[in-house]
Amino acid sequence: MKAQDSKIPLACAVLTISDTRTAGDDTSGNLLAENLARAGHDCVRRDIVKANLYDIRRVLSDWIADPDVQVIITSGGTGFAHRHGVPEAVLPLFDREIAGFDALFRQVSYAEIGSSAIQSRAVAGMANRTLVFCLPGSNDACQTAWTHILDEQLDSTHQPCNFATLFRKKESE
């Protein structure tokens, strides 16, 4: 089967990192979950966690170990302020960082917010065969990442390559 033959729906999780958001006002989490659904993916886990290094690692570690989660997208905690510690929380969990994600995100952000893009510490990587994308918390930043990077890279029909095909079952399975 070729990548372009059929679209692979992915099992995704959305984690909002915030000291103030609740399920009732988690607009960036809602935006990400809605984008995933529109693209044909399933949001199988969703949570909000305080901006605490160990709480973030606990939730991410549980989801990374869960065979039912293929992709995790976080929003919040990637800025330069003191409380923004998502990169410090997640980088030790990665088996492999997706080199270039941070630079590409800042490039597309620069077109929208100018030099403020330099303060973004968005990161992405693979941990235990789970893709993890850590985005800023603003709705605009989440939509920018979705529109310019994630929508295509989570689409198994996107050519010449994408991350979704990493989850295609082997012919022998």
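Guide: Start with a facing pair: Ala-124 sits opposite Phe-133, a residue of strand β6. A word on the source: this is a predicted model, where local features need pLDDT of at least 70, side-chain atom pairs count only at pLDDT 80 or more, and totals for chains, interfaces and linings use all residues. Residues are numbered from 1 along each chain as its sequence is written, and side-chain values use heavy atoms, without hydrogens or water.

Now the strand itself. β6 covers residues 130-135. Strands (E, at least two residues) and helices (H or I, at least four) are DSSP runs, numbered from the N terminus.

Next, the neighbours. Two strands pair if DSSP finds at least two bridges between them. Strand β5, residues 123-127, pairs with β6 in the antiparallel sense, over five bridges. β5 and β6 make a hairpin, with two residues between them. Asn-128 is in that turn, and its phi is positive, about 55°. Strand β3, residues 71-75, runs parallel to β6, and five bridges join the two. Here Ile-72 faces Val-132 of β6.

Last, the cover. Buried means under 20% relative accessible area; exposed is over 50%, and partly exposed is in between (1.4 Å probe, protein chains only). Six of the six residues in β6 are buried. Look at both sides. Thr-130, Val-132 and Cys-134 point one way. Leu-131, Phe-133 and Leu-135 point the other way. Both sets are buried.
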